[in-house]
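Please load the model in your viewer and keep the sequence panel open beside it.

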Amino acid sequence: MKPLFLSAAASLMLATAPLAVMANETIAQAEEMLAKAKEMRAEADTLAEKAEAMIEAAKAEAAAAATAATAAKAEAKPEEDTAEAEAGDGTPDNIKVAYEEDGKYFTEDDIPTYNIAEDGTVDWYAFSGFRRYHSECHVCHGPDGEGSTYAPALKKSALEMDYYDFVDVIVNGRKHVGASDNSVMPAFGTNKNVMCYVDDIYVYLKARGTEALDRGRPAKKEKKSATYVENENACMG
Ligand code: HEC
């Protein structure tokens with residue numbers, strides 16, 4: 001019985017030993033896995049921390065950019081205001097009204113100029129100039145003084161040319177003879193429909209040149225003055 005028991009016990013032990021070894025191995029493996037998991041978790045934590053830091057940094061950057069943009073806008077604004085102030089105040093002397101005589105406006109150099117009130121009312125000369133320009137000059141120089149393929153934009157000429165040179169071209173005409181171009185500006189010196197309204201046309205084109213006057217027919221205008229009617233009758237008569 002004994003040997004049998006022993007042998008049974010022995011065989012049991014033999015049978016259990018590998019189980020124990022296997023269990024031990026499994027524990028070791030599990031421990032290893034746990035360690036690895038811990039390591040990975042630490043790594044994940046580090047990564048998460050890094051990601052969070054990156055988000056924070058990006059947020060801070062975005063905020064800084066927004067602040068900078070606002071600051072830039074704030075800086076740009078006063079500049080705009082200055083530019084406007086200059087446009088209002090620093091009107092060139094060849095345009096700025098120095099005085100008025102019976103509805104006709106002049107610069108300090110006694111050169112005719114336009115006057116447009118804050119409500120858009122255009123002086124009579126500029127309004128009359130719009131009509132005269134479109135009946136006599138428009139055909140070559142384009143609508144609203146904008147120029148054409150044939151003749152220059154007079155809204156620019158009126159600003160760039162001296163008043164007396166401008167009038168001289170109207171009176172005497174001009175011939176441009178080139179290899180590829182022989183455009184002719186006719187002389188209007190004997191045409192009363194032009195000569196009696198030269199200043200009207202000139203101030204109208206000046207107002208177009210500065211864009212103080214929009215394209216098209218001016219909506220509001222000053223009244224024709226008695227002096228204007230007198231001069232007109234004398235010139236046309
Ligand atoms: C038949 C076409 C024609 C008509 C009509 C005409 N012009 Fe001209 N005008 C020209 C041409 C072409 C020139 C450019 C001449 C040159 O190249 O020298 C010119 C040039 C001018 C210039 C010189 C512009 C510059 O910048 O050098 C003035 C000022 C001018 N015209 C005024 C007038 C006015 C004001 C009227 C209307 C009363 C008028 N013209 C009608 C054809 C015309």
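A nonpolar core is a set of buried Ala, Val, Leu, Ile, Met, Phe, Trp, Tyr and Cys residues joined through C-beta atoms within 7 Å. A residue is buried if 20 or more other C-beta atoms lie within 10 Å of its own, exposed if 12 or fewer, and partly exposed in between, with C-beta atoms placed from the backbone. This is a predicted model, in which local features need pLDDT of at least 70 and side-chain atom pairs count only at pLDDT 80 or more, whereas totals for chains, interfaces and linings use all residues. Residues are numbered from 1 along each chain as its sequence is written.

**The whole chain**

Begin with the protein chain, which contains 8 helices and 5 strands; these are DSSP runs (helices H or I, at least four residues; strands E, at least two), numbered from the N terminus. Their order along the sequence is α-β-β-β-α-α-α-α-β-β-α-α-α. Of the 237 residues, 17% are buried.

**The largest nonpolar core**

Next, select Ala126, Ile201, Val203, Tyr204 and Leu205, the residues with the most contacts inside the largest nonpolar core, which has 23 residues. At least two residues of this core come from each of α2 (124-136), α4 (154-160), α5 (163-172) and α7 (198-209). Centre the view on Val203: setting aside residues up to four places away in sequence, Val203 touches Pro112, Thr113, Tyr114, Tyr125, Ala126 and Gly129. Here, contact requires C-beta atoms, placed from the backbone, to lie within 7 Å.

**The α2 and α7 pair**

Now display α2 and α7 together. Their axes come within 7 Å and cross at roughly 100 degrees, which makes α2 roughly perpendicular to α7. The axes are lines fitted to C-alpha atoms, for helices over the stretch in contact, with angles from 0 to 180 degrees between N-to-C directions. Angles under 35 degrees count as roughly parallel, over 145 as roughly antiparallel, 65 to 115 as roughly perpendicular and the rest as oblique. On the α2 side, the contact includes Tyr125, Phe130 and Arg132, and on the α7 side it includes Asp199, Tyr202 and Ala207.

**The ligand shell**

Which residues are closest to the ligand? Select Cys137, Cys140, His176, Ser183 and Met185, the closest of the 23 residues that surround the ligand; a residue is near a molecule if its C-beta atom, placed from the backbone, lies within 6 Å of it. At least two residues of this shell are supplied by each of α3 (138-141), α4, α5 and β5 (184-185). By class, the shell has 17 nonpolar, 4 polar and 2 charged residues.

**Two positive phi values**

Move to Asp144 in the loop between α3 and α4. Its phi is near 60 degrees, a positive value in a residue other than glycine. Asp144 is buried because 21 other C-beta atoms lie within 10 Å. Then select Glu211, in the loop between α7 and α8 (226-236). Phi of Glu211 is near 65 degrees, also positive in a residue other than glycine. Glu211 counts as exposed, since it has 9 C-beta neighbours inside 10 Å.

**Last stop: Lys192**

Finally, select Lys192 in helix α6 (residues 192-195). Is Lys192 buried or exposed? Lys192 counts as exposed, with 11 C-beta neighbours inside 10 Å. Apart from neighbours within four places in sequence, Lys192 is in contact with Cys235 and Met236. Gly237 is 45 residues from Lys192 in sequence, and the C-alpha to C-alpha distance between Lys192 and Gly237 is 9.5 Å.

Definitions and conventions
Contact = placed C-beta atoms within 7 Å. Nonpolar A, V, L, I, M, F, W, Y, C, P; charged D, E, K, R; others polar.
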